[in-house]
Amino acid sequence: MVVGRLTALDDALAQAGVDPATYDAEEQADDLGEDDRTAVESAARQLATPEMVRALEAVQQQARDVCGTSLTL
């Protein structure tokens with residue numbers, strides 16, 4: 001789930017021709033076509049769902065337990 005949703009956002013940003021490192025939805029969303037904006041916003045919303053939060057917490061716990069390291073996004 002985590003990889004799939006991150007990939008979906010990356011794909012939507014790439015399709016829109018947006019650099020994810022510099023994209024600011026509040027400032028640049030109007031620069032995108034309606035379809036691209038909708039795709040990016042939809043993919044981004046999927047990263048903030050309760051199930052995604054739980055999945056990320058599980059990945060972080062696994063990294064702490066197995067690797068002894070903490071992950072941040």
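Predicted model: local features only at pLDDT ≥ 70, side-chain atom pairs only at ≥ 80, totals over all residues.
1. H3 is the top contributor to the lining of the largest pocket, giving 3 residues.

2. The largest pocket has a volume of about 160 Å³. Its lining consists of Leu9, Leu13, Pro20, Tyr23, Asp24, Ala25, Val40, Glu41 and Ala44. Two elements, helix H1 (2-15) and H3, each give two or more residues to that lining.

3. What is the make-up of the lining by class? The lining has 7 nonpolar residues and 2 charged ones, with no polar residues. Asp24 and Glu41 are among the lining residues, and both count as charged.

4. Confidence comes next. The mean pLDDT of the protein is 92. Of its residues, 99% reach 70 or more. By element, H1 has the highest mean pLDDT, at 96. Helix H2 (residues 25-28) has the lowest, at 86.

5. Arg5 is part of helix H1. Is Arg5 buried or exposed? Arg5 counts as buried because its relative accessibility is 17%, and the cut-off for buried is under 20%. Setting aside residues up to four places away in sequence, Arg5 touches Gln46, Leu47, Thr49, Glu51 and Met52.

6. Thr49 is one of those partners of Arg5. Thr49 sits in the loop between helix H3 (34-45) and helix H4 (50-67). Thr49 also counts as buried, because its relative accessibility is 18%. The side chains of Thr49 and Arg5 are joined by a polar contact of 2.9 Å.

7. Val59 belongs to helix H4.

8. Which residues does Val59 contact, leaving aside its neighbours within four places in sequence? They are Val2 and Leu71. A separate distance concerns Ser70: Val59 and Ser70 are 11 residues apart in sequence. In space, their C-alpha atoms are 9.8 Å apart.

Definitions and conventions: Residues numbered from 1 in each chain as written. Heavy atoms only, no water. Helix = DSSP H or I, 4+ residues; strand = E, 2+ residues; numbered from the N terminus. Buried < 20%, exposed > 50% of the residue type's maximum accessible area, 1.4 Å probe, protein only. Polar contact = N/O pair within 3.5 Å; in protein donor to acceptor, adjacent residues only side chain to side chain. 1 Å grid on protein atoms, 1.4 Å probe; cavity = no way out; pocket = protein on both sides within 12 Å on 5 of 7 lines; lining within 4 Å. Points joined across faces, edges and corners; volume = space filled by probe spheres on them. Contact = heavy atoms within 4.5 Å. pLDDT = per-residue confidence, 0-100.
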